[in-house]
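Subject: Structure handover

Hello,

Here is the structure I promised to pass on. Please open it next to this email and follow along.

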Amino acid sequence: MQLRYAMTGVAVVLSLAGCQRTAYDNASYSSPAPLTAQPVPSVQGGQLPPPAGASQFPAAPTAAPALPGQSGAMAASALDVSKESMVGSWRVNGRCDMFLTLTNLGSGSRGGTRGCVGELTAMGSWEVSGKQVLLKDRSGNQIGSVYKTADNSFSGQTSTGQPITLSR
């Protein structure tokens with residue numbers, strides 16, 4: 001029993017010995033020498049010239065660009081389309097895939113393509129406008145549109161006139 005008290009006492013003394021305060025002799029440490037100032041060239045002031053051009057920002061488009069070759073007859077015969085019916089995977093022109101989601105991206109919803117060529121490689125979003133589905137690039141510019149022609153079938157074209165057919 002006494003040995004236990006003796007061991008506890010030795011442990012306390014050793015732990016307190018490790019807690020001693022150490023002090024440095026400030027005389028052995030000196031501060032670094034101050035830096036010398038460097039010469040600075042004079043600063044000139046004045047007004048900058050106005051930016052080139054009449055306006056800092058380009059004019060906003062007034063309407064969606066009309067796609068070449070699309071007639072009012074196609075729009076008139078188009079079936080009603082809902083955003084929810086478009087969600088999922090579509091086969092484009094029988095050779096590549098388009099994926100449409102309901103995740104918001106700008107004014108439309110997120111979408112993209114895999115294995116496509118031409119303008120469709122830049123597709124980033126889509127939206128339903130009336131009876132047509134607008135396909136847009138990542139900057140929000142319209143790159144094409146399609147109209148519903150039958151259940152799970154859409155037809156249209158890109159802004160350069162490349163035909164587009166979507167099917168499931």
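First, a term: a residue is buried when its relative accessible area is under 20%, exposed when over 50%, and partly exposed in between (1.4 Å probe, protein chains only). This is a predicted model, in which local features need pLDDT of at least 70 and side-chain atom pairs count only at pLDDT 80 or more, while totals for chains, interfaces and linings use all residues. Residues are numbered from 1 along each chain as its sequence is written, and side-chain values use heavy atoms, with hydrogens and water left out.

**Overall layout**

The chain has 168 residues, and 24% of them count as buried. It holds three helices and eight strands. Along the sequence the order is α-α-α-β-β-β-β-β-β-β-β. Helices (H or I, at least four residues) and strands (E, at least two) are DSSP runs, numbered from the N terminus.

**The aromatic pair**

How many aromatic pairs does a search of the whole structure find? It finds one. Trp-90 and Phe-154 form this pair, edge-to-face, with 5.3 Å centre to centre and 90 degrees between the planes. The pair links distant parts of the chain: Trp-90 is in strand β1 (residues 88–92), Phe-154 is in strand β7 (residues 153–158), and they are 64 residues apart. The rule: rings of Phe, Tyr and Trp (its six-membered ring) pair if their centres lie within 6.5 Å; planes under 30 degrees apart are stacked, over 60 edge-to-face, and the rest tilted.

Now use the first term. Trp-90 counts as buried because its relative accessibility is 1%. Phe-154 is at 2%, so it counts as buried too.

**Charges over rings**

The charged end of Arg-168 sits over its ring, 3.9 Å from the centre. Lys-83 lies over the face of Trp-126, at 5.9 Å from the ring centre. For this, NZ of Lys or CZ of Arg must be within 6 Å of the ring centre and within 35 degrees of the ring normal.

Trp-126 is in strand β4 (residues 123–129). At 0% relative accessibility, Trp-126 is buried. Trp-126 and Arg-110 are 16 residues apart in sequence, with C-alpha atoms 6.5 Å apart in space.

Lys-136 is in strand β5 (residues 132–137). Is Lys-136 buried or exposed? Its relative accessibility is 12%, so it counts as buried. Its side chain makes a polar contact with the side chain of Glu-127, at 2.7 Å. A polar contact is a pair of N or O atoms within 3.5 Å; within protein, one must be able to donate a hydrogen and the other to accept it, and residues adjacent in sequence count only if both atoms are side-chain atoms.

**Two asparagines**

Asn-93 is not a glycine, yet its phi is positive, about 55 degrees. Asn-93 lies in the loop between β1 and β2 (96–105). At 22% relative accessible area, Asn-93 is partly exposed.

Asn-152 is not a glycine either, and its phi is positive at about 60 degrees. Its place is the loop between β6 (142–150) and β7. Asn-152 counts as partly exposed because its relative accessibility is 41%.

Best wishes
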